[in-house]
Amino acid sequence: MHYWLRASSSDFGGTLPQPRSGHSAVNIGKSKIVVFGGLVDKKFLSDLVVYDIETKFWFQPECTGGGSDGQVGPGPRAFHVAVAIDCHMFIFGGRLGGKRLGDFWVLDTDIWQWSELTSFGDLPSPRDFAAASAIGNQKIVMYGGWDGKKWLSDVYVLDTISLEWMELSVTGSLPPPRCGHTATMLEKRLLVYGGRGGGGPIMGDLWALKGLIEEENETPGWTQLKLPGQAPSPRCGHTVTSGGHYLLLFGGHGTGGWLSRYDIYYNDCIVLDRVSAQWKRLPSGNEPPPARAYHSMTSIGSRYLLFGGFDGKSTFGDLWWLVPQDDPIAKRLTASPPKNLHGISDTATENDNSQFTLKESQKEESSFSELQRRLQIPVLMSTSRLPIVDELEDTEFLELAARSVGETVSSNVQAIQALRENWRNSTPNLIRLKELGPLLRDYQRLVARRHLESGGSNLLSFESGIPANETYRFYHIENASQIRMNDIPKLLAEYKQLPF
């Protein structure tokens, strides 16, 4: 079990990074995390902010160095590539306004010196939204991106000693061109997941590239992997972070859901287990941070540190821990909620800020019911009659239950139980449009049944009062078309509290 906690004022010292998305954050060994660049309010950034893991201190180093234009370090940019090898951080490409960049820089973090590099060989074209990973402690592999005119599917390998680029010639089937994906070295293979492809579709495919390790003497080739388990939905702008025997995927955005013309932003955690070679949902004991994409997620021992991102409207500047249940930070959940971290200010609106204490994220009462509670007025259900259909007579509900389990169960009762368990373990972004109607009706059934068990009235015309400490906001919704997009998390949260 893992827990999410927003960083408290006792976690850090120093000057915290300002809100941003499309930035990079890399681990320099086990000593530092280096944040560079990004975008906030249409302003591209070029600042460098460092977190010293041992002292728990954020600072901005005074860098030296120079480039071809006389500047000390790389110019402002976002959606670039950043890879750490030993004490060096390599930066390539990105975007400044509408311009794609193709310059190449290295930062020596021992002496905080930037150098613009003149490289050789097969030079990659300027691009943004590419993805890259280190191969051992000498080489970097980069795949894909967007050059302003087309999506790319090329593979480049850089030798950081000779500074020579080599375009890898790959035979056989190839992944569709893409940008906004992730690329992660896992032992001898490069794993690429998701991204936005040619023509605009967002993808959920997983590919492995072999032939990157010279000693193996393998012919470079791609293989599409179709792993068992609970695979993530198609997305781009997500992160994949290595942690022990698994890779952790978080966030990103996709299209579809129940309002298919809008982007859907995610805050789910999916694990790719290296041992069992399958996808799994990471068990979490509390609500995750607000959904986002183009954030950063770095690892510090068994902890993960989430920073920044964008949700389609606002840029985040918050810092969140994701920790195992035995971590000392997790003990805060049983104590009073931490104060908001001074200096973490995001442009993510007052509604966003209201989500950042545990008490608020768990309660989420409507302002009307909150007023009733404070005035000690009993919260009564409306007396209008609402027919409740038994689950064995709800055809759409039964069909959905049967499809969700296939041929693995033999009775409607077992299928219904399996569907309810699936909803109970689901997250709002995974609820599809066609599930909303059956979910709403089952929610109303379970509310009615709970009332009946405490001595209520007839199931088919449930109309009595509810105790003052219980509020069911969706009981009198007549059909799913009345549910707004931001109502889905609340509906699902209330559903999960109902016994069945």
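Helices here are DSSP runs of type H or I with at least four residues, numbered from the N terminus. With that in hand, welcome to a predicted model in which Arg 445 is found in helix α6, spanning residues 433-453. The chain holds 7 helices and 30 strands, and buried residues make up 51% of its 500 residues. Below is a friendly tour, from the whole chain down to two sheets and two helices.

**The chain as a whole**

- Among contacts with a separation of 6 or more, 59% come from residues 24 or more positions apart.
- The accessible surface of the chain is about 23600 Å², and carbon and sulfur atoms account for 51% of that surface.

- The side chain of Arg 445 makes a polar contact of 3.2 Å with the side chain of Asp 442.
- Setting aside neighbours within four places in sequence, Arg 445 touches Ile 388, Val 389, Asp 390, Glu 391, Asp 394, Phe 397, Arg 420 and Pro 438.

**Helix α7 and its buried side**

- Helix α7 covers residues 488-496, and Ile 488, Leu 491, Leu 492, Glu 494 and Tyr 495 are buried there.
- These residues lie on the same side of α7 because they cover an arc of only 160 degrees around the axis.
- An α-helix has 3.6 residues a turn, so residues three or four places apart point the same way.

**The sheet β1-β30-β29-β28**

- This open sheet has 4 strands in the order β1-β30-β29-β28, and the pairing is antiparallel.
- The edges are taken by β1 (2-6) and β28; each has a single partner strand, so one side of each lacks a neighbour in the sheet.
- From one strand to the next, the twist averages 25 degrees.
- The strands β28 and β29 form a hairpin with 2 residues between them. In its turn, Gly 301 has a positive phi of about 65 degrees.

- How many residues of strand β28 (residues 296-300) are buried? The count is 5 of its 5 residues, which leaves the strand mostly covered.
- Ser 296, Thr 298 and Ile 300 point one way from β28, while Met 297 and Ser 299 point the other way. Residues on both faces of β28 are buried.

**The sheet β22-β23-β26-β27**

- A further open sheet of 4 strands is ordered β22-β23-β26-β27, with antiparallel pairing.
- Its edge strands are β22 (239-243) and β27 (278-281), each of which pairs on one side only.
- The twist in this sheet averages 25 degrees from one strand to the next.
- Strand β26 (residues 269-273) runs antiparallel to β27, and 4 bridges join the two. One of the paired positions is Ile 270, whose bridge partner in β27 is Arg 281.

Notes
Residues are numbered from 1 along each chain as its sequence is written. This is a predicted model: local features need pLDDT of at least 70, side-chain atom pairs count only at pLDDT 80 or more; totals for chains, interfaces and linings use all residues. Side-chain values use heavy atoms; hydrogens and water are left out. A polar contact is a pair of N or O atoms within 3.5 Å; within protein, one must be able to donate a hydrogen and the other to accept it, and residues adjacent in sequence count only if both atoms are side-chain atoms. Contact means heavy atoms within 4.5 Å. Two strands pair if DSSP finds at least two bridges between them. Axes are lines fitted to C-alpha atoms, for helices over the stretch in contact, and angles run from 0 to 180 degrees between N-to-C directions. Buried means under 20% relative accessible area, exposed over 50%, partly exposed in between (1.4 Å probe, protein chains only). The arc is that of the directions from the helix axis to the C-beta atoms. Accessible areas come from the Shrake-Rupley method with a 1.4 Å probe; for residues, only the protein chains shown count as cover.
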